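Hello,

Here is the structure for you to look over. My notes on the chain contacts follow below it.

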Amino acid sequence: MVPISFYLVLSAVLFGLGVAGFVFKRNILTVFMSIELMLNAVNLAFVAFSRALGQVDGQVFVFFVIVVAAAEAAVGLGIVIVVARNRQSLNVERINLLKL
Amino acid sequence: MTAELVVFFALAALAVAGAVSLILQRHPIHSALSLIVVMAALAGLYLLLEAEFVAAIQIIVYAGAIMVLFVFVIMLLNAGVEERTQLSSMARYAGVPLTGVLLVVLTFHVARASAAMTAAPLTEGMTHKVALLLFQDFAFPFELTSILILVALLGATVLAKRDS
Amino acid sequence: MNELAAQHPIIVVGLVKIAVLLFVLLTVLAYLVWFERKVSAHIQSRVGPYRVGPHGLLQPLADALKFLTKEDPTPAGADRFVYFLAPLLTMGLGICAVAVVPFGPGTIRIFGQSTPLVVADVNIGLLIIFALTSLGVYGVALAGWSSDSKYSLLGGLRSSAQMVSYELSLTLSVVGVVLLAGTFSLREIIMAQSGTTWGFLPRWNLFSPTAPQVLGFFCYFIAAVAETNRLPFDLAEAEGELVAGFHTEYAAFKFGMFFVGEYAGMVTVSFLAVILFFGGWLSPLPTGPHMAWAIYLPAAALGLAGLSLIADAVRYWNISGRITLSMMGLALGAIGILCTREGVRELVQGPFWFLLKVFVVLFVYVWVRWTLPRFRYDQLMAIGWKVLLPASLANVVITSLLVVARS
């Protein structure tokens, strides 16, 4: 039997790596993918807790997190496409002015 | 060293390797492929935790639809390798030790706080229970998510249209 | 070996089943290509492969040798890792789906451990097959992108957009079956279709007494043909259209892998169609004391096939062909006689009916390909979103109403 703390440590490691990617990467798409990595790490924690406490609520929450991530990815990527068309670049350092 | 522990470590190593590769790769398509590897490893971990419905949904929706969307956008925008600017090099030299500190602190506190937890005994029919919970206790949030998806659909369509 | 199997039953028995299934599946895929060429030839009033071995039966071997020995160029600007990964993904994922397909109800003994006739008996078998189908989009998209060529990119984008669109209708058209059976497990879906209505009509999901899944089956079949990029939906990879679509820049072995992946997808979808709508390994004949002779049908069919091969061998044009065909006929007859023995008789019932139905579905697949013209891309996408998706949704609503009304 694998202790639940192993799963939570793995979730913490993945979350930390997601934060590192979010802060240090320059390509906006990679930043977006680091956000998805953070969401996945949280999903793992939810499922681990649901197994530890014997309730299925954690899995229902994971279902909702996945749905919200899908909606967020769709709208976010739409925004990325528009911004890339206007600024001609996917570099986060070039998209730091409110005015074109 | 039971079989379950071996499988856990293999999948966990795969997930961490994929996450590290996501950060270290220079081309966004390679980062996307690494993220797909992470999601597949996580689906395997969900199967190990007896959450088979969540594992299937993770592959079908997350790895099979959302990441396809990412790959499409990378292909459409013709994203190239990341450029190395002064700011990004500085961020790397200062950032890697700080990331290490963050990871160590997080891991230490999580491990210490949860060391006393033990897993509940095995149960069957997880999909059945998830369905009951989803359609009875969580029926209202379920309907709200369908409206959320409709809003996202409309938003993405409006955003991606060219001005005509 | 028996002690090793007793200590680690899952690993040893699993490995043996995987090896056997992989070997059989790859051979079946090779001969599916032969089958398609022969059927297409006869539809077009010609003979097809005839010289390489009797009736062209060694043609797949010749094709495999050709794929292995051809020159394998790689485009100059291609992303090497992704270029090599894409055909591997397509072939690997296509072959994996057969792991959850149950071939029969019985159990066999491998090294002393008795095990069911399926590699992985999971209770979400249906969802696993759909998961593998969703991941199949990557092979096409990544192949198109990594080839560094305009035709490949356009073909890849079109193919993957088509696959993603029809995937929705594919999964929705199956919801009716899940409602009728109440489970995602493939074995239990088959068990829920056992029995007969009015004494002679088998209770398959196609003519289910609660909610006949006719609309579901048509939506599923059309979506499946589109999902596997076959005619009439193969604009993205047809000759004379975008050169060859996403596999333009692939040659020799990698193209062979795409080829195998496409046919593996066809076989997977046919397996699923038979399991979900045609009762899997259940016999279409009603069971009962007066139907006890039906248990000899597999043996009779095999014996008949052997006899017809020998009859054909008598007047074949080639002496080596005559010898080979008569030996094959004798072998089939011997297997037929083996199937009349005590234990083998019951074991072979399930797989016989299952493979027979899969064969019929594959024949319809090939028949449709060589009969219908292909759709234009905008017509294709319009059908996927404006016709199939509402039809599948209507099927879900009607089936759920009927299930609730009759329960």
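How far apart are the nearest C-alpha atoms of chain A and chain C? They are 15 Å apart, and chain A and chain C do not touch. Please keep in mind that this is a predicted model.

There are 2 pairs of chains in contact, and of these, chains A and B share the most contacts.

Chains A and B

On this interface, 61 residues of chain A meet 71 residues of chain B. Helices α1 (4–24), α2 (28–53) and α3 (57–87) of chain A each provide at least two residues of the side that touches chain B. The largest share of that side is from α3(A), with 22 residues. Sorted by class, the side of chain A that touches chain B consists of 45 nonpolar, 10 polar and 6 charged residues.

Chains B and C

Here 13 residues of chain B and 14 residues of chain C take part in the contact. On the chain C side, α5 (125–146) and α6 (150–173) each contribute at least two residues to the part that touches chain B. The most comes from α5(C), which gives 9 residues. By class, the side of chain C that touches chain B has 13 nonpolar residues, 1 polar residue and no charged ones.

To put the two sides next to each other: the side of chain A that touches chain B includes 6 charged residues, while the side of chain C that touches chain B has none.

Regards

Note on methods:
Residues numbered from 1 in each chain as written. Chains lettered and ligands numbered in written order. Predicted model: local features only at pLDDT ≥ 70, side-chain atom pairs only at ≥ 80, totals over all residues. Contact = placed C-beta atoms within 7 Å. Helix = DSSP H or I, 4+ residues; strand = E, 2+ residues; numbered from the N terminus. Nonpolar A, V, L, I, M, F, W, Y, C, P; charged D, E, K, R; others polar.
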